[in-house]
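Here are my notes for someone opening this one for the first time. Have a look at the sequence and the fold, then read the points in order.

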Amino acid sequence: MRMRPTLSWTPTEDLPPGTTDLRPVTDALSTGGVLVLSGAGISTESGIPDYRGEHGSLSRHTPMTYQEFAGSPQARRRYWARSHLGWRTFGRARPNDGHRAVAAFERHGLLSGLITQNVDGLHQAAGSEGVVELHGGLDRVVCLSCHDVSPRRELARRLEEANPGFEPLAATINPDGDADLTDEQVGDFHVVPCTVCGGLLKPDVVFFGESVPPLRVEDCRRLVREATSLLVLGSSLTVMSGLRFVRQAAQEGKPVLIINRDPTRGDPHALARVALPLGAALTTVTARLEIPLDEAAA
């Protein structure tokens with residue numbers, strides 16, 4: 001079953017107000033067994049914009065859908081030109097205090113798991129292990145015909161060879177890793193095929209309009225069942241791919257806590273939504289739990 005693309009969400013009911021009280025988050029983590037679900041908001045302090053915040057990319061940028069990518073050679077050319085340029089900047093992003101705090105919670109045995117909606121790999125770069133990438137990762141490329149998976153860095157090398165002198169100036173980089181380019185800047189960018197079968201290459205990420213693989217969904221549902229509570233970090237929960245786990249946790253009677261500056265689609269199911277910047281909030285929590293933020297992993 002394919003997800004219908006959900007690009008925006010407007011509150012239709014009175015939602016509980018946000019708080020600045022971090023005690024429920026600290027209490028949940030001190031008990032342990034917390035499952036983290038992170039979204040684009042945790043990476044904004046690393047220079048990667050989110051989709052729906054105050055300066056979110058959806059105000060000026062419509063993400064590529066699977067149907068458009070698979071059905072249009074022009075769309076694939078435009079996507080790969082933008083993504084190739086964006087990858088150079090995206091790949092240089094570094095973890096921020098929010099990512100480092102989550103890794104510290106894991107090292108100290110406070111988490112039962114980590115699900116991320118992000119495709120940037122920054123949780124892993126901060127030292128988190130066993131990360132479930134709900135929407136895949138931009139560091140890999142998959143062939144739509146033979147399903148071969150290869151490193152993104154290898155594709156980047158091939159695209160550079162196929163497009164010498166391609167150096168347009170991008171206005172901005174988006175959460176899905178592509179850059180804002182005009183059709184004139186895209187020009188006749190040359191897309192390269194799979195080296196195994198000659199098929200179409202796609203980043204190993206779930207596009208809008210595409211479904212999350214069922215086995216991955218079931219793995220996440222298992223993590224929710226095994227957790228004592230769910231902590232959502234930096235997600236508006238607009239798309240069902242993440243919201244369903246909030247609903248599951250609430251149905252199972254497990255506390256749901258959200259740290260996000262703006263209201264979310266999951267607020268009706270949450271014990272509390274903390275309306276604070278993530279980096280500062282999670283740094284405060286690590287200090288209250290007396291957990292060093294930047295200690296080396298054991």
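1. Are Tyr79 and Trp80 buried or exposed? Both are buried, where buried means under 20% relative accessible area, exposed over 50% and partly exposed in between (1.4 Å probe, protein chains only).

2. Before going further, some housekeeping: this is a predicted model, in which local features need pLDDT of at least 70 and side-chain atom pairs count only at pLDDT 80 or more, while totals for chains, interfaces and linings use all residues. Residues are numbered from 1 along each chain as its sequence is written, and side-chain values use heavy atoms, with hydrogens and water left out.

3. Back to that pair of rings. Tyr79 and Trp80 sit edge-to-face, 5.3 Å centre to centre with 75 degrees between the planes. Rings of Phe, Tyr and Trp (its six-membered ring) pair if their centres lie within 6.5 Å; planes under 30 degrees apart count as stacked, over 60 as edge-to-face and the rest as tilted. There are six aromatic pairs in the structure, and ring pairs tie Phe69, Tyr79, Trp80 and Phe207 into a cluster.

4. Tyr79 and Trp80 also turn up among the residues with the most contacts inside the largest nonpolar core, which has 29 residues. Such a core is a set of buried Ala, Val, Leu, Ile, Met, Phe, Trp, Tyr and Cys residues joined through side-chain atoms within 4.5 Å. At least two residues each come from α2 (66-71), α3 (73-90), β4, α6 (152-162) and β6, and α3 gives the most, with seven. Helices (H or I, at least four residues) and strands (E, at least two) are DSSP runs, numbered from the N terminus. Another core, of 27 residues, lies apart from this one and includes Val25 and Leu278.

5. Now try strand β6 (residues 201-205). Four of its five residues are buried, so the strand is largely enclosed by the rest of the structure. β6 pairs with β4 (residues 136-143) in the antiparallel sense over four bridges; two strands pair if DSSP finds at least two bridges between them.

6. Lys202 is worth a click. It belongs to β6, and at 2% relative accessibility it counts as buried. Its charged end sits over the ring of Phe207, 4.7 Å from the centre; the test is NZ of Lys or CZ of Arg within 6 Å of the ring centre and within 35 degrees of the ring normal. A polar atom of the Lys202 side chain also lies 2.4 Å from the backbone oxygen of Val205.

7. Which residues of helix α1 (residues 23-31) are buried? They are Val25, Thr26, Ala28 and Leu29. After α1 comes Gly32, with a positive phi near 90 degrees.

8. Last, the parallel strands. In β2 (residues 111-116), five of the six residues are buried. β2 runs parallel to β1 (residues 34-38), joined by five bridges, with Ser38 partnered by Thr116. β2 is also parallel to β3 (residues 131-133), through three bridges, and Ile115 stands opposite Val132.

Conventions: Polar contact = N/O pair within 3.5 Å; in protein donor to acceptor, adjacent residues only side chain to side chain.
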